[in-house]
Amino acid sequence: MNPALYATEGAPVRTEELPLFPFRSPDDDPFTPVTGADRDRLDAPITRVRLPTGGWTWLVTRHADVKQLLRSDAFSADMDAPGFPLLRPLPPQSPRNRSGSFIRMDGEAHLRLRRMLTAEFMIRNIARIAPLIDDVVESSLDAMRDAGPPADLVAAFALPVPSLVICHLLGVPYADHAFFQQRSGILLDRSAAPPQVHDAIIELRGYLGELIQARRADPGDDLISRLAVERIATGELEADELVGMALLLLIAGHETTANMIGLSVLLLLQHPDHLAALRADEDLADGMVEELLRYLSIVRTGLPRLATRDVEIGGHTIRAGEPATALLSLANRDDDVFADGSGFDPYRQAHQHLAFGFGVHQCIGQPLARAELRVALVRLARRFPGLALAADPAKLPTRDTSIVYGLAELPVTW
Ligand code: HEM
């Protein structure tokens, strides 16, 4: 059979004729998720696109359709299933290396692990760590001020803040951050070679496995210790599963928020009126953070799923065994839900955005991410009133091949 033809229950698909996804236009400004030219090639709200791994996926771009897809139990998030829409080939690995990674699990297996973390990330528990977030933000800003201008805001502030916080919550030594940040960058990079991804997984799992052993012998006041004592010791959880859960939190807990902080600062520096308003009135922060989440939609490559039975989405039938990708960035700019969705308006009510996903896999860390973003932006605005960009905004290096979009550097002065 012609490899470019994929049989489905419908007509065969000629993949070579489809637009290649993810769309990538390095010349665009960092706030344009899909250029006009690529948008024009999507001939409908639900349309087929070609994947770099040779297959194809339905790309779902409307807000209502994305919600329907993500809340439907007719889709699997298990990337091992044949036909799953992969952006890079799977690395060779044993099921043991996947254990605990509940973001890629379905049904009861997913819920069983997620439930063990729900209370830890509830708003009231995150409110309890407000002093920690304050301290981390203030001390990172002190260090940036003491080193003097210019500074790379990504390295000096955007990365350390969420990284220090998640390390503290999990009980992972921050001193090891260079080790796990380098490897987690590989896991998120869709251009990384499969053997490189494999090695990064093995090294990170080995590191966390040893840490969990140490915490079991000598528990501290942190999430890994609590789960080790309350769940592994009681037989409810395997040590390997805790390794996977901790790995997921470590990666999701700093790369995402770090990229949000960097891009948010760049955007606000280009809108000095909004930055001044935030400096003058911190009550604006909550609404502004929601709009930043919507507008920036950093999970740019969308959320991949595989249909387990025929299902109608937005008047279109997706057949059992067919792949679908929920494109959050376009759904979050849907003019039917957000007036002038392509514009940034920190005064709009953006709370319906889907930047944290939707349905059973919706981001568990969102109260933490919101708290970090709010404190980081307000304190930065207050303490550095003369903050300015120290580079040509058109030439800033971006994380184009990461599944979580962001800036690699943000030179600033004050
Ligand atoms: C602004 C920052 C963040 C953004 C934009 C974000 C976005 C997302 C999205 C879109 C999903 C859904 C994935 C899917 O359905 O396939 C997700 C899931 C998840 N996020 Fe976040 N996230 C952020 C911060 C965090 C933080 C700080 C943590 C942890 C401390 C975290 C932990 C997780 C976990 C564990 C899941 C998997 C949930 C599940 O499968 O049940 N995230 N996140």
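**Exercise 1. The shell around the ligand**

Find which element gives the most residues to the shell around the ligand in this predicted model, and describe the shell by class.

*Solution.*
Step 1. Helix H11 gives the most to the shell, with seven residues.
Step 2. The elements that give two or more residues are helix H3 (107–118), helix H11 (239–269), strand E7 (303–307) and H15.
Step 3. By class, the shell holds 19 nonpolar, seven polar and two charged residues.
Step 4. Of the 28 residues around the ligand, His110, Arg114, Arg305, His361 and Cys363 come nearest.

**Exercise 2. The iron atom**

Which protein atom is the donor to the iron atom of the ligand, and where in the chain does Cys363 lie?

*Solution.*
Step 1. The iron atom has a single donor from the protein, SG of Cys363, at 2.3 Å. This distance passes the cut-off, because a donor has to be an N, O or S atom within 2.8 Å of the metal.
Step 2. Cys363 sits in the loop between helix H14 (328–331) and helix H15 (366–383).

**Exercise 3. Polar atoms at the ligand oxygens**

Give the distance from a polar side-chain atom of His110, of Arg305 and of His361 to an oxygen atom of the ligand.

*Solution.*
Step 1. For His110 the distance is 2.7 Å.
Step 2. For Arg305 the distance is 2.7 Å.
Step 3. For His361 the distance is 2.6 Å.

**Exercise 4. Aromatic pairs**

How many aromatic pairs does a search of the whole structure find, and what is the geometry of the pair Phe21 and Phe23 and of the pair Tyr295 and Phe344?

*Solution.*
Step 1. The search finds seven aromatic pairs.
Step 2. One of them joins Phe21 and Phe23, with 5.3 Å centre to centre and 85 degrees between the planes. The pair is edge-to-face, because planes over 60 degrees apart count as such. Both Phe21 and Phe23 are buried.
Step 3. Another pair, Tyr295 and Phe344, is tilted, with 5.4 Å centre to centre and 55 degrees between the planes.
Step 4. Tyr295 belongs to helix H13 (residues 285–296) and Phe344 to the loop between H14 and H15, so this pair ties together parts that are 49 residues apart in sequence. Tyr295 and Phe344 are both buried.
Step 5. Together with Phe31, Tyr295 and Phe344 form one aromatic cluster.

**Exercise 5. Arginines over rings**

Which ring face does Arg333 lie over, and which does Arg48 lie over?

*Solution.*
Step 1. Arg333 lies over the face of Tyr295, at 4.2 Å from the ring centre.
Step 2. Arg48 lies over the face of Trp56, at 4.6 Å from the ring centre.

How values were computed. Residues numbered from 1 in each chain as written. Predicted model: local features only at pLDDT ≥ 70, side-chain atom pairs only at ≥ 80, totals over all residues. Heavy atoms only, no water. Donors = N, O, S within 2.8 Å, 3.2 Å for Na, K, Ca; no water. Helix = DSSP H or I, 4+ residues; strand = E, 2+ residues; numbered from the N terminus. Phe/Tyr/Trp six-rings, centres within 6.5 Å; stacked < 30°, edge-to-face > 60°. Buried < 20%, exposed > 50% of the residue type's maximum accessible area, 1.4 Å probe, protein only. Lys NZ or Arg CZ within 6 Å of the ring centre and 35° of its normal. Near = heavy atom within 4 Å. Polar contact = N/O pair within 3.5 Å; in protein donor to acceptor, adjacent residues only side chain to side chain. Nonpolar A, V, L, I, M, F, W, Y, C, P; charged D, E, K, R; others polar.
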